[in-house]
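Please look at the sequence and the model side by side while reading the paragraphs below. They proceed from individual residues to the packing of whole elements.

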Amino acid sequence: MKEKTLLREFAQYAAMNICGMIGLSCYILADTFFVSRGLGANGLTALNLAIPIYSFVHGSGLMLGIGGATKYSIYMGQGKIKNANRIYSNTIYTMAVFAITFMVLGSFFSEKLALMLGADHEILGMTKTYLQVILLFAPAFIANDGLLCFVRNDGNPKLSMAAMLIGSLSNIALDYVFIFPLHMGIFGAVLATGLAPVISLAVLSGHLITKKNQFHFEKIKPSLKAAGTIILLGVPALITEVASGIVMIVFNAVILKLQGNIGVAAYGVRAILSLVVS
């Protein structure tokens, strides 16, 4: 009987996570569609050159969220509530360090990053804009990835799934509004993407407002040992995301030399479809 209950609970958690990931895949596909229709080949090329950096931001958020939430669940299972809250607090501190680092990169080095990724004079402006905005929204992406994991492991997988789906659907809607009726170009596309985790966080805040959360932030001294444990537990998620980003960067560089911006735009469609399927 106990095994059936555990199997049912595992299936519920897995199903909720899969539904959320399907929603995420749909918004990535929609993002590509609206950018290609609204901004043409150059817009799609700029998106494809910049999107690997999002993999680094998202991978960092998943690494810290999964690592912290896993250790949190272990402590809760052992009945060590104080240690569980400390690992949550240290996860927040570590996320802040990563978020600030990405924001600094976006504020001062977005143009250099765009050039390093292969942007030429035709698409430099769009690529720089996309990189700058996506990196400035890094705190929202990282906080959302982290809170999704903690809320899910805190016994509320339905809310995590709802937050992912609502965030994804809002991105699709805002993409259309910003690119077409408001004519905001690439800035509108990346702004829609940046606002998605903000909306998701608003949904997740219900777990805290209703005081269903068992995790609580404590003002403690940051622990390098705890941060190391969090990173170690979550690094497989980072490797998965970063690996796909590195592959895209390498392919973009090769295709730019062979076929230029049009070639990268064509590859971008295939790359995004691959991300959705996987």
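**A walk through the model**

K211 lies in the loop between α7 and α8. The helix names follow DSSP: helices are runs of H or I of at least four residues, strands are runs of E of at least two, and both are numbered from the N terminus. The model is a predicted one, in which local features need pLDDT of at least 70 and side-chain atom pairs count only at pLDDT 80 or more, while totals for chains, interfaces and linings use all residues. Residues are numbered from 1 along each chain as its sequence is written, and side-chain values use heavy atoms, with hydrogens and water left out.

Phi of K211 is near 60°, a positive value in a residue other than glycine. As a general rule, most residues other than glycine have a negative phi. With a relative accessibility of 70%, K211 counts as exposed. Here buried means under 20% relative accessible area, exposed means over 50%, and partly exposed covers the values in between, with a 1.4 Å probe and protein chains only. H183 also has a positive phi, near 55°, and is likewise a residue other than glycine. Its place is the loop between α6 and α7, and H183 is exposed, at a relative accessible area of 66%.

How many helices and strands does the protein contain? The secondary structure comes to eight helices and zero strands. Along the sequence, this reads as α-α-α-α-α-α-α-α. Of the 278 residues of the protein, 47% count as buried.

The packing of the helices may be considered next. Two packed helices are described by the angle between their axes and the distance between the axes. An axis is a line fitted to C-alpha atoms, for helices over the stretch in contact, and angles run from 0 to 180 degrees between N-to-C directions. Helix α6 (residues 157-179) and helix α7 (residues 185-209) pack at an angle of about 155°, with their axes 8 Å apart. Therefore α6 is roughly antiparallel to α7. The crossing of α6 and α7 is right-handed. A crossing is right-handed if the near helix is turned clockwise from the far one by less than a right angle, and left-handed if anticlockwise.

Helix α5 contains R152. Is R152 buried or exposed? At 15% relative accessibility, R152 counts as buried. R152 and A69 are 83 residues apart in sequence, and 8.7 Å separate their C-alpha atoms in space. In helix α3 one finds L115, which is partly exposed with a relative accessible area of 47%.

Side chains of opposite charge can pair when their charged atoms come close. The structure holds one salt bridge, a term for a side-chain nitrogen of Lys or Arg within 4 Å of a carboxyl oxygen of Asp or Glu. Which side chains form it? The partners are E111 and K128, at 3.6 Å from N to O. The pair links distant parts of the chain, for E111 belongs to helix α3 (residues 110-116) and K128 to helix α4 (residues 124-136), 17 residues apart. E111 is partly exposed at 38% relative accessibility, and K128 is partly exposed at 28%.

Finally, V247 is found in helix α8 (residues 224-277) and is partly exposed, with a relative accessible area of 41%. Together with I246, V250, F251, V254 and L258, V247 makes a nonpolar surface patch of about 550 Å².

How values were computed. Patches are made of residues with over 30% relative accessible area and no salt bridge: like charges are joined within 9 Å, nonpolar side chains (Val, Leu, Ile, Met, Phe, Trp, Tyr) within 5 Å. Accessible areas come from the Shrake-Rupley method with a 1.4 Å probe; for residues, only the protein chains shown count as cover. Angles under 35 degrees count as roughly parallel, over 145 as roughly antiparallel, 65 to 115 as roughly perpendicular and the rest as oblique.
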